[in-house]
Amino acid sequence: MSVQTPTSTPTRRRRKGTALGRAITRTFDNRWAGLAALAIALLAPFVIATPYALSVMTSAAIFVMLAAGLNIVVGYCGLLDLGYAAFFAVGAYTSGVLSTRFDLPLLATLPAVIVVTIIAGIVIGAPTLRLRSDYLAIVTLGFGEIIRITANNLEITGGPSGIYGIPGLTDNAVVFYYLTVVVVAVAVAGAARLGRSRLGRAWRFIREDEDAAEAMGVHTYRVKLAAYIAGAIWGGLAGVLFAAHLSAISPGSFTFLQSALVLMAVVLGGMGSTPGVVLGAIVISLLPEVLRDFADYRYFAFGVLLIIFMLVRPQGLWPHRSREASA
Amino acid sequence: MTQLIWNGLFVGSFYALVALGYSMVYGIIKLLNFAHGDIYMVGAFAGFAILGATGGVSPDMQLPLLLGVLVVTMGFTGMCGVLLERIAYRRLRSAPRLSLLITAVGASFSLEYGVRVIAGPDPQVYPVRLGGTTIHVLGASITVQQIVLMVVAVALMVALNLLVTRSREGRAMRAIALDPRTSALMGINVNAVIARTFFLGSALAGAAGVMAGAYYGKIDFMMGFLIGLKAFTAAVIGGIGNIPGTMLGGLLLGMLESFGTYWLGGEWRDVFAFGVLILFLTVRPTGLLGERVTERV
């Protein structure tokens, strides 16, 4: 490594940006933002409570949970996962199959869901996390397809038509919405706390410089696997909520498009930033409802936005501000 | 048995053509160009558009026409590749790896849905289909069109290999793969060579796209997604960054798939292919002919 000026280190470069960008960052950098968002989510049904609106809001909340899970993998640890919908599918299918075939209540399937998603995380993470991170990206992409095709082909998963008649957690849509919001809030807060823990600091270290982390005694392989498994659990639990919400699941809900949308939410909001990711997820999940007339251009615009964001504002709309970076 | 091998070799030559672009780009700038499979799709659609514009021709003129379209399309997709590199990748070459990968996903997305906006979501039927007379060789039925397409594919691959191993341009590419900074000091125009690499890889993918369109007869905007994954698998099997290895990997993957389909049934074909990919990454991540790469810090 040659001699470099301090301004070219990655942390400094991330903090640069336009004056407007800095102003936006400062305005939003408030510790009450999370509570405010929760309050908005809790008050929303008092403003609009049509079944359609409740359904959209519940889906948005589930999507927030997915984004928070993917943020652990992509945002904290810097590993690109392009098959995140696979874990979503594993969770949804595990709870769906168990609850319909064995007449279990949905809550009783949770331990099985967690075990199965952890196994899925290990199966896919263990061989690939030793390799360069770009291999991981494409293997996860392939893994996402494997899960979807398998669900499509197997008899126990109901083939292309999927599973229906999954018991819900409650009959009342408003109660289910509140339940979802609470679960998601806990999940988001949990992910954020995990990000600030000792393990979380190791993740960020690996993201910034894997070789340096290894040299400082971080067991990079194990720490990366931990991030991957944590992401898998978050995705699997979001899948259970999804199954309970719709009461029917089919392979069509778990395509690459779904994975890409979650990634989009994380990148747009700000990788590694909890409020950013929540904001990104809400924007991505509510935008189609607002812009129904532009459905054809939507994904095209998403792709272009991904490129533009990486070129112009890689830190996202609401970037992560870490205390270490300002030192 | 012979039939299975032949089918495998035929499909494998498509994989190899697409995989070469992946492999070359990866070999030189260590970028996984996710949009590569979509360049293949753009090639199929460009060929479709040109064929549509030329109107109907008599059946015996179809083959020369198709070859002409192939050349034009290769130029077009080549330029697409150059443009892609210029807009989306060049500025990020020194940025963290994650940003580049995400841009590549964005590029893939915009190409897929851009074509969808232009050409519509429904599959299109190719106007030219090569009518084939079937020949029987050792119990396998082979059509003439298959032979023609394979000859074209092999010719392109041989030409590429000669270019990379024998020409000045190829030497520059190999130099950049080893060390971009020193290459620049030695007077190689690094940006230009990388742009030309994208041109070559994308042109090959475009050729494969037209050939797939003419052979299978149907194209749609998502056709590049799966073939991109398969091509990557082929590149990994053979050794990514290694040109003969990539060709070998393509043919091998085609054969593995052909046999896997025979044993497990067609619905498991893709699962089988990705299973092979994961197995290879676990057991021999450098591929069959790849060399061990040590990371320099």
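**Exercise 1.** State which residues of H10(B) and H11(B) meet, and describe how these helices cross.

*Solution.* Step 1: on the side of H10(B), the residues are B:Leu253, B:Leu256, B:Glu257, B:Gly260, B:Thr261 and B:Leu264, and they meet B:Arg269, B:Phe272, B:Ala273 and B:Val276 of H11(B). Two residues are in contact if their C-beta atoms, placed from the backbone, lie within 7 Å. Step 2: by class, this contact of H10(B) with H11(B) holds six nonpolar, two polar and two charged residues. Here Ala, Val, Leu, Ile, Met, Phe, Trp, Tyr, Cys and Pro count as nonpolar, Asp, Glu, Lys and Arg as charged, and the others, Gly among them, as polar.

Step 1: helix H10 (residues 243–264) of chain B and helix H11 (residues 269–283) of chain B have axes 9 Å apart and an angle of about 130°. Axes are lines fitted to C-alpha atoms, for helices over the stretch in contact, and angles run from 0 to 180 degrees between N-to-C directions. Helices (H or I, at least four residues) are DSSP runs, numbered from the N terminus. Step 4: H10(B) and H11(B) are therefore oblique to each other; angles under 35 degrees count as roughly parallel, over 145 as roughly antiparallel, 65 to 115 as roughly perpendicular and the rest as oblique.

The model is predicted: local features need pLDDT of at least 70, side-chain atom pairs count only at pLDDT 80 or more, and totals for chains, interfaces and linings use all residues. Residues are numbered from 1 along each chain as its sequence is written, and chains are lettered from A and ligands numbered from 1 in the order in which they are written.

**Exercise 2.** Determine how H1(B) is oriented relative to H8(B).

*Solution.* Step 1: the axes of helix H1 (residues 2–29) of chain B and helix H8 (residues 190–216) of chain B come within 8 Å and cross at roughly 165°. Step 2: H1(B) is therefore roughly antiparallel to H8(B). Step 3: the residues of this contact of H1(B) with H8(B) comprise 17 nonpolar, four polar and no charged.

**Exercise 3.** Which element of chain B gives the most residues to the side that touches chain A?

*Solution.* Step 1: the contact takes 33 residues from chain B and 37 residues from chain A. Step 2: helix H4 (97–119), helix H9 (223–238) and H11 of chain B each give two or more residues to that side of chain B. Step 3: H4(B) gives the most, with 14 residues. Step 4: by class, the side of chain B that touches chain A has 23 nonpolar, six polar and four charged residues.
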